[in-house]
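The report that follows reads a structure element by element, for a reader who has the sequence and the coordinates at hand.

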Amino acid sequence: MATTAPTFLQKPVDPARSNSGRSGPSALSRFARRTVFIIGGIVAVALIYTAVKAMGHATGGTWPFTSMPLPFSTDDVTMPPVMDIVLRFGQPQRTGDPKNLTMWILEAMLFTFREAFVGFIIGIIIGMAIALIMLRTRWLERGVMPWVIVSQTVPLIALAPVVVAFGNQIKVPLFSWQQWMSVALIATYLTFFPVAVNGLRGLKSPTPLALDFMRTNAASGNATLWKLRMPAAVPFLIPALKLAATASVVGAIVGEISAGVRGGLGRLLIDYSAQYLSDPSRLYCVVIGAALLGVLFVALINVTDLLLMRNRPREAR
Amino acid sequence: MTTADTTTPAIEIQGVGMVFNGGRPNEVTALTDIDLTVQAGEFISLIGPSGCGKSTLMRIVGDLETPTSGAVRVNGKDPRQARLDHDYGMAFQQAGLFDWRTVSANIELPLELMKWNKARRQTRSSELLDLVHLADFGAMRPWELSGGMQQRVAIARALAASPGLLLMDEPFGALDEMTRERMQGELVRICAETGATVIFVTHSIPEAVYLSDRVVVMSARPGQITDVIPVALGERNEDTREDPTFFASITTVREALRGAPAPAVTGSNSVDIS
Ligand SMILES: Nc1ncnc2c1ncn2[C@@H]1O[C@H](COP(=O)(O)OP(=O)(O)O)[C@@H](O)[C@H]1O
Ligand SMILES: [Mg+2]
């Protein structure tokens with residue numbers, strides 16, 4: 001009788017819980033709290049940055065009350081003042097340019113986002129395809145998984161030029177391969193991995209009980225996949241998608257830099273770092289833009305998460 | 001779904017044996033020489049010490065395992081064919097409902113797999129919700145229900161396609177005594193209404209006696225049937241539990257279990273006698 005669980009271990013009916021998913025007032029207050037935390041965090045970072053700068057300025061570049069030099073310079077070139085960086089967003093990219101820097105960065109973010117997002121979607125498709133192949137037999141899993149892992153040890157810097165060179169060789173009628181597509185593929189390369197690994201775990205997560213149930217009801221392989229394995233994989237895929245989202249932005253930026261693609265954040269980073277000494281704040285602005293793009297992408301996944309998981313038990317979220 | 005006439009037994013088990021991992025060091029003989037015939041509409045309980053092969057026998061009938069020897073016919077068919085014909089409904093110790101589906105959608109899943117259209121499925125699921133007294137809970141999620149309610153949903157799901165044959169493996173094993181007795185009452189009523197044939201695995205002697213037309217007593221190492229005890233209690237109701245015949249049958253089953261060679265019997269079956 002070791003299997004008999006006492007009643008108190010079972011989930012009771014709790015009317016208060018019944019309608020409180022992530023929607024409603026609790027979700028809103030959670031959102032508000034999170035916003036406060038984020039803004040607070042940004043303010044804290046700005047304050048610490050300014051304080052470190054002020055300290056370096058006061059001591060002349062040493063630790064307070066010592067002659068030990070700080071490990072970095074706090075001058076206005078290395079660490080432009082916070083206000084300079086903030087104000088820089090509103091100024092023209094370079095003198096005489098009618099567009100201000102914010103517009104340039106927003107356009108670059110959009111451009112890079114397109115590459116990252118296309119790469120991300122293709123990565124999900126490829127990742128799930130690989131997961132489904134590995135699901136078929138233990139043999140295939142043993143054969144494929146090592147390659148999936150090895151693929152991630154190839155440095156992106158080495159891979160990117162190869163992908164670009166390959167892309168440039170593609171000649172299909174009625175289709176012209178664009179450079180940004182190569183960049184998207186590079187993003188795909190970083191994206192498919194977490195999806196394949198977590199996707200496989202998720203697809204394998206149904207209990208023998210659930211699988212027996214499908215079998216008893218003469219469910220086809222397809223029905224078992226769509227009505228059991230796929231829904232069961234969703235909670236496993238969400239964290240993978242968050243990882244993939246940030247990775248795809250990194251992949252896209254690195255891809256742009258190695259492919260020499262114009263129009264995205266990668267190009268701005270290269271250009272602005274070349275002119276860093278004359279205009280340091282500008283590079284900081286692009287870095288902030290790149291970070292923001294990653295954050296927005298993850299926020300998009302969080303919304304998807306809310307939609308997909310709105311009807312799941314809290315423990316599974 | 002049953003097409004069996006009175007001459008075809010619902011289940012015929014002949015000389016069934018089951019050896020897991022045959023020829024390897026971890027070889028287990030789970031069942032030897034099982035013979036059992038179950039008539040359509042009969043309620044049969046399997047009782048015996050842990051590991052005597054009750055679940056395995058049930059799984060063989062339900063085509064979840066293939067016996068290593070002997071033959072099984074279900075409604076005169078191969079178990080695999082019976083499974084493909086949706087002749088079975090199954091319920092286990094855990095409800096095993098799908099979190100991402102509402103209670104109704106869980107009940108409708110077997111019907112979805114049989115390609116019923118939506119309107120028909122909805123009619124059927126609301127019928128079943130009434131049957132298990134959960135009419136107001138169809139739109140809820142399984143995890144919002146108590147264990148007993150989840151188990152009732154699982155039973156409704158097992159009944160969805162009106163299978164002629166219900167296979168239940170300790171379906172009330174995780175419930176407290178009060179809920180359990182109420183569920184037994186409901187199961188008796190449901191079986192009377194649907195005329196289903198039931199194979200019911202349990203650890204509880206009173207439960208087996210209360211529910212069954214015949215109690216099949218098994219022993220371990222090797223798993224085999226040692227006794228088949230008919231229970232003549234007539235129509236079950238709340239007074240049945242106080243009926244002298246009820247206690248007499250409990251004693252008979254308990255003695256049959258004691259008589260079984262495995263010494264573990266008394267320990268594992270004394271729990272529910274109160
Ligand atoms: N898939 C399996 N592989 C190996 N051994 C098994 C398997 N299923 C059951 N057994 C063994 O068969 C015997 C009977 O198990 P089971 O039918 O679950 O017993 P019961 O349900 O009566 O407790 C046990 O010794 C168990 O370890
Ligand atoms: Mg068992």
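B:Met90 is a residue of strand 5 of chain B, which spans residues 88-91, in a model that is predicted. Because its relative accessibility is 2%, and buried means under 20%, B:Met90 counts as buried. From B:Met90 to B:Asn237 there are 147 residues in sequence, and the two C-alpha atoms lie 25 Å apart in space.

The loop that joins helix 2 to strand 5 of chain B holds B:His86, a residue whose phi is positive, at about 60 degrees, although it is not a glycine. B:His86 is buried, its relative accessible area being 12%. A positive phi also occurs at B:Ser162, where the value is near 45 degrees in a residue other than glycine. B:Ser162 belongs to the loop between helix 5 (147-159) and strand 6 (165-169) of chain B, and with a relative accessible area of 38% it is partly exposed. Another backbone feature of chain B is the cis peptide bond that leads from B:Arg221 to B:Pro222, with omega near -10 degrees; B:Pro222 is placed in the loop between strand 8 (214-219) and strand 9 (224-230).

The buried residues are B:Lys54, B:Thr56, B:Leu57, B:Met58, B:Arg59, B:Ile60 and B:Val61. After helix 1 comes B:Asp63, which has a positive phi near 60 degrees.

What surrounds ligand 1? Its shell is made up of B:Phe20, B:Asn21, B:Val28, B:Ala30, B:Pro49, B:Ser50, B:Gly51, B:Cys52, B:Gly53, B:Lys54, B:Ser55 and B:Thr56. Sorted by class, these are five nonpolar residues, six polar residues and one charged residue. Strand 2 (28-38) and helix 1 (54-61) of chain B each contribute at least two residues to this shell, and the largest share, three residues, is supplied by helix 1. Backbone N or O atoms of chain B also approach oxygen atoms of ligand 1, with a distance of 2.7 Å for B:Gly51, 3.3 Å for B:Cys52 and 3.0 Å for B:Gly53. Taken on its own, ligand 1 has 560 Å² of accessible area, of which the protein covers 64%.

Over all chains, the structure holds 23 salt bridges.

| Salt bridge | N to O distance |
|---|---|
| A:Asp279 and A:Arg88 | 2.8 Å |
| A:Asp212 and B:Arg59 | 2.6 Å |
| B:Arg83 and B:Asp63 | 2.8 Å |

The salt bridge between A:Asp279 and A:Arg88 links distant parts of chain A, with A:Asp279 in the loop between helix 10 (265-274) and helix 11 (280-309) and A:Arg88 in helix 3 (residues 82-88), 191 residues apart. Both A:Asp279 and A:Arg88 are buried, and together with A:Arg282 they are linked in a network of salt bridges.

The salt bridge of A:Asp212 with B:Arg59 crosses between chains, from helix 8 (residues 208-216) of chain A to helix 1 of chain B. A:Asp212 is buried at a relative accessible area of 14%, and B:Arg59 is buried at 18%.

Within chain B, the salt bridge between B:Arg83 and B:Asp63 joins helix 2 (residues 79-84), where B:Arg83 lies, to the loop between helix 1 and strand 4 (69-74), where B:Asp63 lies, so the pair ties together parts that are 20 residues apart in sequence. B:Arg83 and B:Asp63 are both buried.

Chain A as a whole has eleven helices and zero strands. Its C-alpha atoms fill a box of roughly 75 × 60 × 40 Å along the principal axes. The radius of gyration of chain A is 25 Å, whereas a compact globule of 317 residues would have one near 20 Å. Of the 317 residues of chain A, 38% count as buried.

Note on methods:
Residues are numbered from 1 along each chain as its sequence is written. Chains are lettered from A and ligands numbered from 1 in the order in which they are written. This is a predicted model: local features need pLDDT of at least 70, side-chain atom pairs count only at pLDDT 80 or more; totals for chains, interfaces and linings use all residues. Side-chain values use heavy atoms; hydrogens and water are left out. A residue is near a molecule or strand if one of its heavy atoms lies within 4 Å of it. A polar contact is a pair of N or O atoms within 3.5 Å; within protein, one must be able to donate a hydrogen and the other to accept it, and residues adjacent in sequence count only if both atoms are side-chain atoms. Accessible areas come from the Shrake-Rupley method with a 1.4 Å probe; for residues, only the protein chains shown count as cover. Helices (H or I, at least four residues) and strands (E, at least two) are DSSP runs, numbered from the N terminus. Ala, Val, Leu, Ile, Met, Phe, Trp, Tyr, Cys and Pro count as nonpolar, Asp, Glu, Lys and Arg as charged, and the others, Gly among them, as polar. A salt bridge is a side-chain nitrogen of Lys or Arg within 4 Å of a carboxyl oxygen of Asp or Glu. Buried means under 20% relative accessible area, exposed over 50%, partly exposed in between (1.4 Å probe, protein chains only). The radius of gyration is taken over C-alpha atoms; the globule rule is 2.2 Å times the number of residues to the power 0.38.
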